[in-house]
Amino acid sequence: MSETAEHHDDHHPPKYYVKIWVILLVLLTVSIVGPMIGIKWLTLITAFGIALVKAGMVCAYFMHLNIERKVAWYILCATLLLLLVFFTGVAPDVMKPSGTNWQSLYHEPTEEESMVHHGDEHAEDAHHGDEDTHHGDEDAKHDDGHDEHSEDEHHDADSHDEGH
Amino acid sequence: MSFQVPIATNRSATGIPTSRLAVWWILASEVVIFGGLIMCYLMFRLHHESWGFEAAHTNPIAGGVNTFVLLTSSLFVVLAHEAAEAKETDKSVRYIWFTIFGGFIFMMVKAYEYTTEITHGYTMFKSVFWSFYYTATGLHGFHVMAGMFIMWMISRDVKKGKNLHRVEIIGIYWHFVDVVWIFLFPLLYIAK
């Protein structure tokens with residue numbers, strides 16, 4: 001190990017970095033267009049596979065990790081290993097759908113339920129509020145009651161989830 | 001009383017300049033923070049199909065624009081570093097300010113997104129998905145703002161030709177912020 005610090009002496013002209021930036025933009029375009037085709041495995045590759053490639057390119061060429069000393073790699077890899085320990089330790093419990101001494105009460109909302117819960121009603125409420133301030137209080141009373149109901153449902157779902 | 005440069009500034013047992021080594025340690029801690037969040041998200045996302053329905057309400061165009069903005073700002077900051085290495089201070093300051101401007105655009109787009117989502121009822125307390133969305137993007141946005149502030153401070157020194165090595169240090173941090181977004185983008189905006 002040396003006692004004095006070394007600076008990166010691998011310098012590149014701006015053209016080199018612009019070229020990497022262009023490649024990153026092409027990858028970004030692919031990651032946006034890929035999932036539009038609607039094939040699940042293609043979405044996984046284009047969205048997440050390409051995200052890994054993009055992140056790798058930024059780390060290697062912009063952060064200069066490709067020419068950095070090994071100790072920086074050790075530091076970063078150690079934390080990634082910790083993440084893996086965290087995931088493998090917790091995931092079997094969190095992702096388990098059933099057990100011997102407990103049952104999951106969580107109700108998985110359907111697409112339609114998600115739409116109703118978060119959908120147009122709120123947008124409509126906001127619209128009413130903007131348009132007619134005089135009747136705002138009355139609307140609020142009506143809406144509050146309505147929201148309270150949906151919020152209760154939501155709390156139920158959450159508490160079940162926590163229990164699960 | 002005269003100021004003495006701390007011995008740790010000039011000495012390095014690893015061969016990496018102390019300031020750069022320090023930023024690697026900071027990023028290691030950031031990996032655990034953001035990585036932990038992303039791991040939690042993955043566990044829930046893989047287990048609960050309904051999270052896909054929730055994610056359908058995020059704005060992929062805004063997310064895509066922000067990815068473009070961050071990638072471009074990363075280019076600017078690496079060019080600022082190269083200019084600083086060549087002792088071209090004016091050029092370096094100019095690129096640093098382009099990067100700060102990129103961060104500003106990013107935050108403006110994020111503010112637009114938050115406003116649209118909140119006014120349509122998608123608040124932080126709507127569901128666990130939205131809690132995660134606001135926590136992850138909010139924490140990331142905080143890092144963007146911190147980076148912008150530090151870059152502004154560094155640009156003042158660079159203008160005077162002082163502490164040019166700091167451009168590389170803030171650059172490494174900024175690229176990391178970019179990398180975090182590269183992962184958040186498909187998780188929150190693309191996977192429906």
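Read along the sequence, chain A runs α-α-α-α-α-α. That amounts to six helices and zero strands, where helices are DSSP runs of H or I with at least four residues, strands are DSSP runs of E with at least two, and both are numbered from the N terminus. Please note that this is a predicted model, in which local features need pLDDT of at least 70 and side-chain atom pairs count only at pLDDT 80 or more, while totals for chains, interfaces and linings use all residues. Residues are numbered from 1 along each chain as its sequence is written, and chains are lettered from A and ligands numbered from 1 in the order in which they are written.

Chain A has 164 residues, of which 16% are buried. Buried here means that 20 or more other C-beta atoms lie within 10 Å of the residue's own; exposed means 12 or fewer, partly exposed lies in between, and the C-beta atoms are placed from the backbone. Among the contacts of chain A with a separation of 6 or more, 48% join residues 24 or more positions apart. A contact requires the C-beta atoms of two residues, placed from the backbone, to lie within 7 Å.

Helix α1 of chain A covers residues 14–33 and helix α2 of chain A covers residues 40–62; their axes come within 9 Å and cross at roughly 165 degrees. The axes are lines fitted to C-alpha atoms, for helices over the stretch in contact, and the angles run from 0 to 180 degrees between N-to-C directions. The angle makes α1(A) roughly antiparallel to α2(A), a label for angles over 145 degrees; under 35 counts as roughly parallel, 65 to 115 as roughly perpendicular, and the rest as oblique. The crossing of this pair, α1(A) and α2(A), is left-handed, that is, the near helix is turned anticlockwise from the far one by less than a right angle, whereas clockwise would be right-handed.

Which residues of α1(A) and α2(A) meet? On α1(A) they include I20(A), L24(A) and L27(A), and on α2(A) they include I50(A), V53(A) and M57(A). By class, the contact of α1(A) with α2(A) has 11 nonpolar, two polar and one charged residues. Nonpolar covers Ala, Val, Leu, Ile, Met, Phe, Trp, Tyr, Cys and Pro; charged covers Asp, Glu, Lys and Arg; the others, Gly among them, are polar.

In the loop between α2 and α3 (70–94) of chain A sits H64(A). Its phi is near 60 degrees, a positive value in a residue other than glycine. Is H64(A) buried or exposed? H64(A) is buried, with 20 other C-beta atoms within 10 Å.

Now to chain B. This chain has seven helices and zero strands, and its C-alpha atoms fill a box of roughly 60 × 35 × 30 Å along the principal axes. Of its 192 residues, 45% are buried. Residues 24 or more positions apart provide 76% of the chain B contacts with a separation of 6 or more.

How do the chains meet? On the chain B side 53 residues are in contact with 54 residues of chain A. Two or more residues come from each of α2 (18–47), α3 (50–55), α4 (60–85) and α7 (166–190) of chain B. Of these, α2(B) gives the most, with 13 residues. The chain B side divides into 28 nonpolar, 18 polar and seven charged residues.

The largest nonpolar core has 64 residues, and A80(B) and I96(B) have the most contacts inside it. Such a core is a set of buried Ala, Val, Leu, Ile, Met, Phe, Trp, Tyr and Cys residues joined through C-beta atoms within 7 Å. At least two residues come from each of α1 and α2 of chain A and α2, α3, α4, α5 (89–119), α6 (128–159) and α7 of chain B. The largest share, 16 residues, is from α7(B). Leaving aside neighbours within four places in sequence, I96(B) is in contact with A80(B), M151(B), I154(B), S155(B), V158(B) and V167(B).

Finally, α6(B) and α7(B) pack at about 160 degrees with their axes 10 Å apart, and are therefore roughly antiparallel to each other. Their contact includes H140(B) and H143(B) of α6(B) and W174(B) and W181(B) of α7(B). The residues of this contact divide into 16 nonpolar, four polar and two charged.
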